[in-house]
Amino acid sequence: MSALTINTALLRQILVGFVRDEVTKVGLHKGVLGLSGGIDSALVAYIAAEALGPENVYAYTMPYRTSNPESEAHAKLVADQLGINYQVLEITPMVDAYFDVVPHADNMRRGNKMARERMTVLYDHSAEVGGLVLGTSNKTELLLGYGTLHGDMASALNPIGDIYKSQVWELSEAMGVPREVIDKKPSADLWAGQTDEQDLGFTYRDADELLYRMVDQRMSREELIAFGFAAEFIDKVQKKVQGSHFKRRLPIIAKVSNRTIDRDFRYARDWGK
Amino acid sequence: MDFTVALAQIKPKLGCLVDNMALVEAAIDKGIASGADLVMFPELALTGYFLKDLVPEVALRLDAPQIERLKVLSRQISIAIGFVEVTADYRFFNSALYLEAGEILHVHRKVYLPTYGLFDEQRYLARGDRFRAFDTRFGRVGMLICEDMWHLSSSYILAMDNATTLLCLSSSPARGISGREELGSAAAWQKLTSTTAMFLNCRVAYCNRVGYEDGINFWGGSEVIAPSGDVTHRAKLLEEDLLIAKVDEGALRRERIFSPMIRDENMGLTLNELKRIDRENNR
């Protein structure tokens with residue numbers, strides 16, 4: 001049994017309760033999310049539908065003209081199976097309008113622009129329907145920094161941010177996410193044939209086994225090597241975690257007063273809730 | 001005497017005294033209606049847990065109207081409840097009150113304020129400086145607040161002070177999801193409460209809260225443990241509940257006859273050895 005194996009019934013109860021509690025305590029009852037056709041957003045849709053009722057979940061697929069058509073088909077499959085509100089909103093006109101003005105952007109800038117365009121669409125629709133934007137970044141990609149700051153990383157609350165990709169797979173099986181969505185290779189779908197694991201240079205399974213021991217169990221480098229991880233792999237992952245830490249924090253504020261936001265003005269977000 | 005305890009596994013709202021007071025009064029009413037003699041609440045039941053800078057804003061003096069109200073209610077049912085206490089010299093304590101027959105019988109101020117991992121209590125709160133048992137209509141009782149119980153000496157002192165019932169008021173966050181049936185934090189607590197009861201031939205009532213604060217949830221699972229270490233009653237996990245438990249005086253008597261460890265405990269020896277260790281450490 002992998003150290004990452006989880007009691008899916010218990011995890012499901014906690015995550016469903018989280019979405020229900022954190023949405024309703026701010027006086028709302030709806031959730032909004034981007035449904036990419038991938039497993040992370042599919043799982044969040046399943047959690048949200050169980051927490052809020054399918055009629056209160058609003059999912060949007062936001063393809064760009066280079067997106068794989070299979071992604072949209074998978075998103076629709078999830079939406080149909082759950083009976084949640086579903087809409088396809090193409091972002092090609094907005095993104096292309098921008099790159100007409102700024103034509104020399106590379107793939108990374110284009111990908112980030114698309115992710116941020118989708119974010120603005122989601123936040124606009126959250127205002128339209130009166131719901132909170134649900135995050136779909138898992139712990140593996142958050143730790144590796146494999147996401148766009150203020151893009152797909154932006155949300156009001158994230159039910160899966162403390163579970164690794166391997167655990168996303170396991171919980172998705174338990175919650176009935178369609179087989180096609182579980183089995184396909186994870187992809188940011190920025191260009192045809194792209195896969196996360198090619199981009200990263202290692203598999204999520206391997207990264208999860210390492211991250212769990214490095215982050216959760218706080219094993220030292222020596223202990224990780226003794227456990228059987230290659231030193232180069234450890235260093236590569238460690239560098240990604242450290243190098244992307246800025247993405248996981250709020251902007252830092254220059255302190256000049258006696259009571260600076262976050263530093264010594266400290267309240268829970270659920271203050272009064 | 002035999003008595004009935006109601007463990008109010010509530011979901012307080014963070015920093016909302018008025019709403020939480022209403023929750024507490026509703027649970028007290030239900031406790032009375034179900035014939036309970038004692039109603040017990042979680043740690044910081046009147047305020048919620050991750051208070052941070054809210055601590056001074058929700059703190060109550062012992063003569064606050066809310067406490068006066070609880071005193072009145074305690075004429076009908078004994079009450080154990082957690083709140084933030086402010087003293088005349090403006091120290092803020094994570095405190096538990098025991099009220100009975102219209103009076104405050106005891107105030108326990110949490111001694112062990114966890115400040116590690118997800119906890120940050122000692123940044124905001126002052127540390128209590130004693131563990132004392134006290135007499136109630138159910139015999140001698142000792143109160144502990146959450147982390148207090150993770151220090152063996154706390155329960156030991158209360159047992160040496162002749163407590164036969166330990167009340168532990170808790171706000172324990174759920175964490176440690178794994179392939180096991182139980183949550184890590186729940187499994188650890190269940191071992192602790194059962195072992196404490198068994199070691200000290202005491203009954204233990206453990207009241208934990210539920211609900212989420214900034215994504216952190218509290219797992220509930222409040223329970224009553226007989227002096228044998230056997231769990232006699234357990235509330236739901238992760239959901240609000242009011243656990244009504246009959247506590248059998250005979251079970252205490254029988255356990256103390258069957259395995260009289262507390263009778264045989266050599267407190268003098270323990271004291272001498274602790275004094276020696278203290279001397280040696282200060283040399």
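Modeller: Helix axes here are lines fitted to C-alpha atoms, over the stretch in contact for helices, and the angles between N-to-C directions run from 0 to 180 degrees. The model is a predicted one, in which local features need pLDDT of at least 70 and side-chain atom pairs count only at pLDDT 80 or more, while totals for chains, interfaces and linings use all residues. Residues are numbered from 1 along each chain as its sequence is written, and chains are lettered from A, with ligands numbered from 1, in the order in which they are written.

Two packed helices are described by the angle between their axes and the distance between the axes. In chain A, the axes of helix H1 (residues 8–24) and helix H2 (residues 39–52) come within 8 Å and cross at roughly 60°; helices are DSSP runs of H or I with at least four residues, strands are E runs of at least two, and both are numbered from the N terminus. H1(A) and H2(A) are therefore oblique to each other, given that angles under 35 degrees count as roughly parallel, over 145 as roughly antiparallel, 65 to 115 as roughly perpendicular and the rest as oblique. The crossing of H1(A) past H2(A) is right-handed, that is, the near helix is turned clockwise from the far one by less than a right angle.

From H1(A), the contact is made by Leu15(A), Val16(A), Val19(A), Arg20(A) and Val23(A); H2(A) contributes Ile47(A), Ala48(A), Glu50(A), Ala51(A) and Leu52(A). Contact requires C-beta atoms, placed from the backbone, to lie within 7 Å. By class, eight of these residues are nonpolar, none is polar and two are charged; Ala, Val, Leu, Ile, Met, Phe, Trp, Tyr, Cys and Pro count as nonpolar, Asp, Glu, Lys and Arg as charged, and the others, Gly among them, as polar.

Val19(A) and Ala48(A) are among the residues with the most contacts inside the largest nonpolar core, which has 74 residues. Such a core is a set of buried Ala, Val, Leu, Ile, Met, Phe, Trp, Tyr and Cys residues joined through C-beta atoms within 7 Å; buried means 20 or more other C-beta atoms within 10 Å, exposed 12 or fewer, and partly exposed in between. H2(A) supplies the largest share of this core, 11 residues. A second, separate core of 70 residues includes Leu38(B) and Ala133(B). Ala133(B) is in turn one of the contacts of Ala163(B), which counts as buried with 25 C-beta neighbours inside 10 Å.

Methods
Contact = placed C-beta atoms within 7 Å. Lists of a residue's contacts leave out its neighbours within four places in sequence.
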